[in-house]
Amino acid sequence: MTFSWPIRVYWEDTDAGGVVYHARYLHFFERARTEWLRCTGISQTDLRQEQDVILVVKDAYLDILRPAHFDDSLSATVCIAESGRASFRVHQELWRGSDCLSRADVKIACLRASSFKPCGLPTHVNQALQNANKN
């Protein structure tokens with residue numbers, strides 16, 4: 001299943017020429033991933049507070065194909081690519097209408113919040129990721 005989240009480009013997202021600054025693409029993708037997790041029933045606040053678990057970006061590959069501009073109405077997508085015992089990878093795209101502007105592959109790792117050491121994904125998170133992958 002591919003999840004989609006609307007994004008509007010604000011002036012603060014752009015350089016002096018009204019073109020989206022390259023690092024802002026990562027912000028757009030982060031927002032979409034956070035909303036996707038919420039929609040799958042995963043609360044990052046509850047994970048941290050109740051299970052001492054945080055989900056962190058381990059690595060990210062970003063490919064900017066075309067520029068986004070001030071006031072563009074965009075759509076950021078999230079699709080789970082793979083899931084392991086202590087991490088998962090998502091594929092993301094940023095669209096303006098039918099034009100793909102950017103792609104990202106992001107690996108998310110599960111850590112103990114108190115020690116920042118790797119740990120296994122909680123059972124309910126693994127189940128939610130598997131269910132998201134089926135839909």
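Predicted model: local features only at pLDDT ≥ 70, side-chain atom pairs only at ≥ 80, totals over all residues.

Q: Where does Ser75 lie, and what does it touch?
A: Ser75 lies in strand S3; helices (H or I, at least four residues) and strands (E, at least two) are DSSP runs numbered from the N terminus. Not counting residues up to four places away in sequence, Ser75 touches Ser4, Trp5, Glu93, Leu94 and Trp95, with contact meaning heavy atoms within 4.5 Å.

Q: OK, what about the largest nonpolar core, how many residues does it have?
A: That core has 33 residues, and those with the most contacts inside it are Trp36, Leu55, Leu74, Phe88 and Leu129. A nonpolar core here is a set of buried Ala, Val, Leu, Ile, Met, Phe, Trp, Tyr and Cys residues joined through side-chain atoms within 4.5 Å. Buried means under 20% relative accessible area, exposed over 50%, and partly exposed in between (1.4 Å probe, protein chains only).

Q: Which element gives the largest share of this core?
A: H1 does, with 6 residues.

Q: And what does Leu55 touch?
A: Leaving out residues up to four places away in sequence, Leu55 touches Leu37, Gln44, Leu47, Phe88, Ile108, Ala109, Cys110 and Leu121.

Q: Switching to cysteines: how many disulfides?
A: The count comes to 0, taking a disulfide as a pair of cysteine sulfur atoms within 2.5 Å. For Cys100, the nearest cysteine sulfur is that of Cys79, 13 Å away. Cys110 is in no disulfide either, with the nearest cysteine sulfur, that of Cys119, 3.6 Å away.

Q: Is Cys110 buried or exposed?
A: Buried, with a relative accessible area of 0%. Cys100 is buried too, at 6%.

Q: Now H3, which residues are buried there?
A: Val125, Asn126, Ala128, Leu129 and Ala132 are. They cover an arc of only 160° around the axis, so they sit on the same side of H3; the arc is that of the directions from the helix axis to the C-beta atoms.

Q: What covers them, and what's on the face turned away?
A: The cover over the buried residues of H3 includes H1, helix H2 (44-51), S3 and S4. The face turned away from the buried side carries the exposed residues Thr123 and Lys134.

Q: What does the side chain of Ser102 reach?
A: The backbone oxygen of Asp63, at 3.1 Å. Ser102 lies in strand S5 and counts as buried, at 0% relative accessibility.

Q: Last one: what's the phi of Asp52?
A: Positive, about 60°, although Asp52 is not a glycine. Most residues other than glycine have a negative phi. Asp52 is found in the loop between H2 and S2 and is partly exposed, with a relative accessible area of 25%.

Key: Residues numbered from 1 in each chain as written. Heavy atoms only, no water. Polar contact = N/O pair within 3.5 Å; in protein donor to acceptor, adjacent residues only side chain to side chain.
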